[in-house]
Amino acid sequence: MKKKNKKAAGSGSGSNAAGNTGSSGSASKKTENTAVKEQKMNIREKFTNLYLLSLFSLFPIFMTKKLFHVRTDRLYFFITATIALLVLTAGAYIFGKDKKHLRTVYQMSVSDWSFIAFTGICLISAIFSSYGEAAFTGSGGRNSGFLLMAVYLLSYFLISRNFRYIEEIFTFFAIMSSVICFIAVLNEFNIDPFALISVISKSQQKDFITTIGNINTFSGFVCVSLPICIIMSVMTKKTVLRIIYLAAAGINMTGLIVGNSLSGFFAFLCVITLLFVYCCKSMEKLFGYFLTLSVLLISIKLLRLFSYIHQDKYKNLSDISKYLVYDNIVYILIIIAAILTATTFLLSKRSEGKELPRYIRYIAGGVVGLAWGALLFIFIYFSFIDTKTDLGSFATVLRLNDKWGTHRGYAWIRSIYLLRSNGLKNFLIGSGPDTFGQMMKASFNADMIKRHGKVFDSAHNEFLHYLVTTGVTGVAAYISLIVTILYRCIKRCKDRIPFLIVIFVIISYCSQSLFNVATPIITPYIFVFLGIAEGLLRNNDAKKAL
């Protein structure tokens with residue numbers, strides 16, 4: 001038995017949470033889990049977790065001049081923190097005692113090669129770009145030129161080679177994000193305790209919120225933090241921690257509401273529907289799911305109470321947000337969720353942790369798939385087949401045209417035009433990282449100024465943005481990175497909290513990125529979580545911990 005314990009002790013981070021969430025509860029898994037917990041982190045792992053802690057705590061609030069320089073502030077913070085981690089990690093390898101680990105650094109996965117290919121294509125695209133300096137620095141867009149892409153790659157490799165899972169950093173992120181979301185709620189009702197919004201010109205105040213800045217960017221941030229809170233509250237077995245995560249999930253939900261962004265609501269629906277299918281594995285998981293859903297719905301109505309106290313003097317709630325906050329249908333949903341919570345709780349006590357028949361998940365997956373398929377069909381039908389029927393206010397959601405999605409459709413449609421009309425070189429490798437604005441100026445400058453009074457420097461869809469700026473080869477490499485990470489994590493998940501976190505954060509981020517802008521304020525998180533995912537996979541695969 002001692003030999004088995006020794007082997008488990010070296011198995012790394014990914015297996016840390018296996019015993020917390022797995023359904024088998026066998027003695028061998030408990031022994032492995034205990035041994036892993038008792039193992040002390042080495043210096044590289046400590047540096048990496050401190051780096052992650054800084055990104056989960058200081059990064060989203062770091063400002064030098066309130067919100068005026070927030071994008072460049074976060075850009076320099078991320079670059080500085082990543083370079084610091086590189087120096088500390090290099091020092092640990094040079095002066096440390098675990099030289100054997102250095103050999104495993106060079107072991108490459110398909111995801112590693114995909115990321116290297118993506119960064120390499122960004123470099124080639126920047127070299128051959130007609131906007132050379134802007135392509136390298138991102139000065140003509142959102143500071144997301146090749147240099148930042150190279151830092152993303154560096155961050156990914158540092159995390160993936162030195163990460164070790166500890167729950168506390170995610171707990172801290174849940175708490176910190178709740179503080180940021182609570183400030184957002186205060187801002188929405190014209191309370192500005194840190195004078196972040198009042199110093200901005202009145203014409204722009206409706207577009208800025210909390211320590212993140214732009215409301216769409218803030219919504220993207222919530223799409224990273226909220227899935228963590230939801231997964232933790234559903235999966236944890238510790239009562240105190242469940243209370244903390246439920247409270248954090250509720251506050252994050254209010255942040256999503258006041259964020260007013262279609263991208264945020266879409267990502268939330270993706271997470272909550274896919275998680276339902278996953279939770280159909282057992283009554284215990286369904287109880288956690290419906291309990292969390294109840295809290296999320298109740299938090300929306302607590303926001304209604306908050307609004308009542310402040311005489312409903314809100315700043316800028318969208319039609320969807322107003323409907324959720326002020327319509328009575330949410331009360332009905334709360335009652336249904338509460339009944340399902342009580343029912344699944346009682347059934348979970350009787351089932352004694354047994355898994356439900358597999359066909360229940362298949363049925364749930366089929367229903368969810370049909371629902372999403374129906375929505376997609378409706379969107380395609382009214383966008384490309386029936387373009388005449390008056391849809392009223394639903395036209396901004398269900399019909400793709402220049403006005404769709406608060407004029408995102410304008411950028412989407414012209415993205416395809418740019419891809420098709422700018423030659424083979426741009427089709428293959430793009431116009432250069434973050435040079436979308438220059439391409440739009442060259443082709444549509446007068447039209448943009450006439451219609452919108454501004455230049456679109458982003459496609460408002462990260463995949464289309466990369467398609468135009470890095471070509472079909474660049475976006476293919478980017479998609480390959482995401483798909484291979486997700487596939488490998490799903491294959492090895494087995495109810496483990498760390499894997500579930502990265503799976504749903506990546507899904508949530510990618511869902512909101514279909515409607516949002518890549519920016520140093522939130523984009524670092526997708527590459528950080530891809531690095532965490534690769535780190536979990538390496539730890540588990542290398543030590544045969546699964």
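In the predicted model, the protein is built from 24 helices and two strands. Its radius of gyration is 24 Å, close to the 24 Å that the globule rule gives for 546 residues, so the protein is as compact as a globular protein of that length. The C-alpha trace spans about 75 × 60 × 50 Å along the principal axes. Of the 546 residues, 55% count as buried, and among the contacts between residues at least 6 apart in sequence, 76% join residues that are at least 24 apart.

In soluble globular proteins, nonpolar side chains tend to be buried together. In the present model, the largest nonpolar core comprises 148 residues, and those with the most contacts inside it are Phe56, Phe170, Phe529 and Ile532. When neighbours within four places in sequence are left aside, Ile532 is in contact with Phe56 and Phe170, and also with Leu52, Ile159, Phe163 and Val502.

Two further positions were examined individually. Glycine 430 is placed in the loop between helix H20 (423-429) and helix H21 (436-452), and with a relative accessibility of 0%, under the 20% limit, this glycine counts as buried. Although glycine 430 and serine 125 are 305 residues apart along the chain, their C-alpha atoms are separated by 6.1 Å. Ser125 is accordingly listed among the contacts of glycine 430, which, apart from neighbours within four places in sequence, also include Lys425, Val468, Thr469, Thr470 and Gly471.

Histidine 465, by comparison, is located in helix H22, which covers residues 462-492. The relative accessible area of this histidine is 6%, and because buried means under 20%, histidine 465 falls into the buried class. Leaving aside neighbours within four places in sequence, histidine 465 is in contact with Asp434 and Phe436, as well as with Asp457, Ser458 and Ala459.

Conventions:
Residues numbered from 1 in each chain as written. Predicted model: local features only at pLDDT ≥ 70, side-chain atom pairs only at ≥ 80, totals over all residues. Heavy atoms only, no water. Helix = DSSP H or I, 4+ residues; strand = E, 2+ residues; numbered from the N terminus. Rg over C-alpha atoms; globule rule 2.2 N^0.38 Å. Buried < 20%, exposed > 50% of the residue type's maximum accessible area, 1.4 Å probe, protein only. Contact = heavy atoms within 4.5 Å. Core = buried A, V, L, I, M, F, W, Y, C linked by side-chain atoms within 4.5 Å.
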